[in-house]
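Q: I would like to learn how to read the features of a protein model one at a time. Could we go through them together with the coordinates in view?

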Amino acid sequence: MACLKLYGSLMSTATMRATVCLVEKELEFEFVPVNMATGDHKKEPFISLNPFGQVPALEDGDLKLFDSRAITNYISHEYAGKGTDLICRDSKKMAIVAVWMEVEAHQFDPEASKLAWELFYKPMFGLTTDPAAVTALSEKLAKVLDVYEARLAHNKYLGGDCFSLADLHHLPCLNYLMKTQVKELFDSRPHVSAWCQDILARPAWIKVVEMQKK
Ligand SMILES: N[C@@H](CCC(=O)N[C@@H](CS)C(=O)NCC(=O)O)C(=O)O
């Protein structure tokens, strides 16, 4: 029985973020599905793991955590010797990785996750996409991607030479957006496009996509 337990829904971008980290680290874990359609994320027992009623949450023995990025940070440090190294021991190199982790959380994700809602989730739930919101969000995301294009022209990955948490945190939203009209925003920037293709082709990510289909 695995002592690591991840609670969530594999349709959720935040759950996929934590899941791909566990897979990159080659850790054995139990995935405990939380049925969001029936509101199980707002009820006990899940609400005791995350009082905000949002997936995912992690248990590692006595330790209980919520928030996908806090979970990936913990896993990467606690299991530093396993699987893919997602952090740097050198504090200056790690400081750069940390900058791009902040960029993902505060510049990329707010626009990208709202676009994923408008263009991916809303059609899936039979809701109507708001074209004005899509236009405004796309314009904002384009500006963020211009900064990424400049960064990736000189660095294979956002944090530097190696794939790190800074790249991994993007995977779930990128995956959905690449299935929508805003794919063009990524494809039209050659370095961003190469980076997307590279990280979306990682075996760990492909495994998470397969898990989602089951
Ligand atoms: N910052 C949190 C966000 C978690 C989050 O928003 N989860 C969504 C699914 S992707 C959720 O549970 N939504 C249900 C709700 O907010 O009621 C994280 O990264 O874990």
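This is a predicted model: local features need pLDDT of at least 70, side-chain atom pairs count only at pLDDT 80 or more; totals for chains, interfaces and linings use all residues.

Q: Which residue in β4 does L58 stand opposite?
A: As a general idea, strands of a sheet pair through backbone hydrogen bonds, either parallel or antiparallel. In this model, L58 stands opposite L65 in β4, and A57 is likewise placed opposite F66 in β4. Both pairs belong to the pairing of strand β3 (residues 57–60) with β4, in which four bridges join strands that run antiparallel.

Q: What lies between β3 and β4 in their hairpin?
A: The hairpin formed by β3 and β4 has two residues between the strands, and in the turn G61 has a positive phi of about 60°.

Q: In what order do the strands of the open sheet lie, and which strands stand at the edges?
A: The open sheet has four strands in the order β2-β1-β3-β4, and the pairing is mixed. Because β2 (30–33) and β4 (63–66) each have a single partner strand, they stand at the edges, and one side of each is left without a neighbour in the sheet. Averaged over the sheet, with direction ignored, neighbouring strands are turned by 20° against each other.

Q: How many bridges join β1 to β3, and what is the bridge partner of L4?
A: β1 and β3 run antiparallel and are joined by four bridges. The bridge partner of L4 is D60, in β3.

Q: Which strands does α1 touch where it packs on the sheet?
A: α1 touches β1 (4–8) and β3, and its direction makes about 155° with that of β1.

Q: At what angle do α1 and α3 pack, and which residues make the contact?
A: For a pair of helices, one reads the angle together with the distance between the axes. Here α1 and α3 pack at about 5°, with axes 8 Å apart; since angles under 35 degrees count as roughly parallel, α1 is roughly parallel to α3. From α1 the contact draws on A14, R17, A18, C21 and L22, and from α3 on S68, I71, T72, I75 and S76. By class, the residues of this contact divide into six nonpolar, three polar and one charged.

Q: At what angle do α5 and α9 cross?
A: Helix α5 (residues 131–154) and helix α9 (residues 190–200) cross at roughly 80°, and their axes come within 7 Å, an arrangement that makes α5 roughly perpendicular to α9. The contact is made by L145, Y148, E149, L152 and A153 of α5 together with H191, V192 and W195 of α9. Its residues divide into six nonpolar, one polar and one charged.

Q: Which residues does the UniProt annotation "domain: GST C-terminal" cover?
A: According to the unreviewed UniProt entry, that annotation covers residues 90–214. In the model, this span is 77% helix and 0% strand, and its end C-alpha atoms lie 39 Å apart.

Definitions and conventions
Residues are numbered from 1 along each chain as its sequence is written. Two strands pair if DSSP finds at least two bridges between them. Axes are lines fitted to C-alpha atoms, for helices over the stretch in contact, and angles run from 0 to 180 degrees between N-to-C directions. Two residues are in contact if their C-beta atoms, placed from the backbone, lie within 7 Å. UniProt positions are given in the numbering used here, feature names are shortened, and annotations may be inferred rather than shown by experiment. Angles under 35 degrees count as roughly parallel, over 145 as roughly antiparallel, 65 to 115 as roughly perpendicular and the rest as oblique. Ala, Val, Leu, Ile, Met, Phe, Trp, Tyr, Cys and Pro count as nonpolar, Asp, Glu, Lys and Arg as charged, and the others, Gly among them, as polar.
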